[in-house]
Amino acid sequence: MKKVLIIIASLAFTLCSAIPLQGQSVIRGRVTDRETGEPLAFVNIVYNERGTGTTTSLDGLFAIETGVPPEFLKLSYVGYEPVAVYPGEGPVGFLNLEMTRKPFLLEEVTVYPGINPAHRIIEKAFGNRRLNNPEMLPSFSYKSYNKLYFTLVHDSLLARVSLPGDPALSRIYAGPRSNRAETIADEGNETPGVTEQPVDSGRIRTEEFFEKQHLFLMESVSERQYRRPGRNNERVTASRVSGFRDPSFTLLATQLQSFSFYGDFISLLDRNYLSPLSRGSISRYSFILEDSMFTQRNDTLFIISFRPYPNRNFDGLQGVIYINSNRYAVQNVIAEPFERRGIFNIRIRQNYAFVDNRQWFPAELNTDIILGRDEDGADGPPDRFSLVGIGKSYLSDITIEPELRRRHFNNVELTVAPDAHRRPDEYWNEYRVEPLSEKDLKTYHVIDSIGREVNLDRSLTIFEAVATGYIPWGIVNVDYAGLLDYNYFEGLRPGIRILTNDRLSESFRLGGYAAFGSRDGTLKYGGEAGISLYRPADAGLRFSWSRDVEEAGSYSFLEKHSVYSSESYRRFMIGRMDFVENYDVSLGFRFIRHFKGSLYYSGSRVRSGDDYLFLREGIERDEFVFPEAGARIRFAWREKFMQTPRGNRISMGTDFPVIWFNYGRGLGDAGGYEYTRMQAGLYQGFVTRNLGRTSITIEGGIVEGEVPLFKLYHGKGSFRGFSLEAANSFATMRMEEFFSDRFVSVFFRQNFESLLFRSGRFRPEVVFVTNAGFGSVSETGNHLFINVEAPEKGFYESGLLLNNLYRKFFTGFGLGVFYRYGPYGFEKPVDNFAFKLTFGVSLR
């Protein structure tokens, strides 16, 4: 998610209207929706016969300075009736102008033979993307004042959503109504002869409450420095959040929309939409030149509406874009998703300024969010409220190409100053464009008192911990994934794992766990201790000891996947495990910016979980000792992080491949086996315009030395009848079907998302999967009572997944089918199939 920020109209702007400029005629005012009172952004105002004019700001404000008083003002706006105003001679006060919405939304588009004039303008804007994109500059810096608030709005006010003016949000801007009962009656059924429905007193009380205050209010001031290519340093210098002292919310609010409109994809709430300024957009989008006018700089401003052509399967936007003939740059844009996905609806508005007469740069950013309506806006209870968020941002102190040294940047892009929540009013007044309203002040007063009473800061700490896999409970965190688990070997595995948190100490951790397998009837347990040595570098020592079970031939990489990854579902299908007593000492740290490493020494005593025996020096053994020393490394080029006020780092991902490498050396002189065991992995994910999201994972390993089955590599199969689909595994490969001492596996998946098929609310994600694996094993005769075979000829399978066939809130369920073929295909075709259930958790 990128900047969500706010400011509300301008008292200083209004006061300036009373100060005359010698030799100039100045007219100032505001344009609003006649019905709702909502300020209208980017209204075109022409004030002479030549067609010279200006546009309103995000708050509907305008200022016209001319040598001669204008005889008229002509207002035009997409979706509204044109307005003509004749100020007359003499001084003119502040003008409050109103526009009336047309009785229709969008007309059908008729395409006639010939050249569409909008295409020429869009192609020129596309050709100048590198020139006008601020993130193509060598460097820049700015400060911004950000304000975001949430409130509840009745769904009857959200039913008329359209662009560019949006009555769905109008009541949020409008002032209190004098007669609430009359307002509600007006919205009801007024058909003659129909009995008037009783007024819902609960709804009236709710609406009156939220006319006086918001549900949530947040302000922040931030300073950002940028150095090409892609290096950012943003610091929140002031933060105020209703009900909270902790400023962590300011980190979340900065990621809601793309900073500019020039990328191939525009990111809204972490979902990518194809930009109308991307390559080939004129074949995907319908562009209509709605209007044009001269600006006060004598440039031409072209107003172009856009929306995807019918039956084009891509995630697109609809809205209005204003192109200035000065470098054919974006001056204003209003956009929202053409088709809604999930429970969120979002609309953005961006305003650009020509800074220092040399560079177009974002000056105002606006984000409106609606949460809680059904996807088509029609279903659900007839008397319901939705959560609506309103955010704006004004950028100031914009500097083009300041001298910024490379050493000023690191992989932590977003931080919060330690004293951000203690800034005095004088500091805030320097950045607020207008003072806080009575509604804002009451929100702070009421919600702050509630926050102190119920300790909302504690709730935020709990949320942060839950997002990392834990539930805080006093001085300890409880691993909720360990409360109840399952695998085929142990059956149900109830248990508990706890770890101390910052309430006990920020410098050390103590923890332990216990679990019981219902099928194998064995108690597992362990303990751990950790010491933080240097938090900025994630440096720390960790000690652990455990008695548990583990799959033979397994391996893991440093920080490979989260608790929500489907890759972890493979553990449910594991049917063979060994009993392991293990102790481990490790030193973890970050180094050379993009690397994270861990040095370790471990000792394991392994006892076979079945009849397996290993023949060594003529002796059959079912217990083995493995003293081992080694290192693990993770390399993520240009991985970005945000750092919370408590020092925790949250990854914002990277656009480049992530690489892992493990090295382990068995210490034969310490009574164990002498071997060298190495693994490497690579992951790359990217998005393309016509294909959706592509991901490639490559893993490989090698073992040198004569070792038991436990130190070989299993084939990573995940076949267990009709079961959950696990990413980066072989869906048709039987469990324990292959073991290798050298292997390489390739997992490819192409997620077309809803590009191939969409029909109303039914929009399954179509995913094509192809996997291939190769391996070899040098010795098989010393492994007794188990078949050790490697896929030397190559194992191949392909599959098709239909995700989100059923979706509710943040979860989605689907179905999939895989087929294995090639040298290891079965004679009976039916045996080569594997049928899967897919499950995912996502905000997308």
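How many bridges join strand β30 to β31? The legends below, drawn from a predicted model, begin with this pair.

**View 1. The open three-stranded sheet containing β30.** Three bridges link β30 (residues 613-616) to β31, and the two strands run antiparallel. Within this pairing, L615 has E620 of β31 as its bridge partner. The sheet is open, with strand order β31-β30-β45 and antiparallel pairing. Because β31 (619-621) and β45 (783-784) each have a single partner strand, they form the edges, and one side of each has no neighbour in the sheet.

**View 2. Helix α2 and its surroundings.** Helix α2 spans residues 117-127, and its buried residues are A118, H119, I121, I122 and A125. Viewed down the helix axis, the buried residues of α2 lie within an arc of 165°, so they line one face of the helix. Their cover includes α3 (129-132) as well as the strands β13 (285-294), β14 (300-308) and β15 (317-324). At the start of α2, the backbone nitrogen of A118 has a side-chain oxygen of N116 within 2.9 Å.

**View 3. The largest nonpolar core and the contacts of L277.** This core comprises 33 residues, and F261, L277, I304, F306, L317, I321 and V330 have the most contacts inside it. Leaving aside residues up to four places away in sequence, L277 touches I122, A125, F126, R129, F261, Y262, I321 and V330. Another core, of 28 residues, lies apart from the largest one and has Y47, V85, L97 and Y322 among its members.

Note on methods. Residues numbered from 1 in each chain as written. Predicted model: local features only at pLDDT ≥ 70, side-chain atom pairs only at ≥ 80, totals over all residues. Heavy atoms only, no water. Core = buried A, V, L, I, M, F, W, Y, C linked by side-chain atoms within 4.5 Å. Buried < 20%, exposed > 50% of the residue type's maximum accessible area, 1.4 Å probe, protein only. Contact = heavy atoms within 4.5 Å. Helix = DSSP H or I, 4+ residues; strand = E, 2+ residues; numbered from the N terminus. Arc of directions from axis to C-beta. Polar contact = N/O pair within 3.5 Å; in protein donor to acceptor, adjacent residues only side chain to side chain. Pairing = 2+ DSSP bridges.
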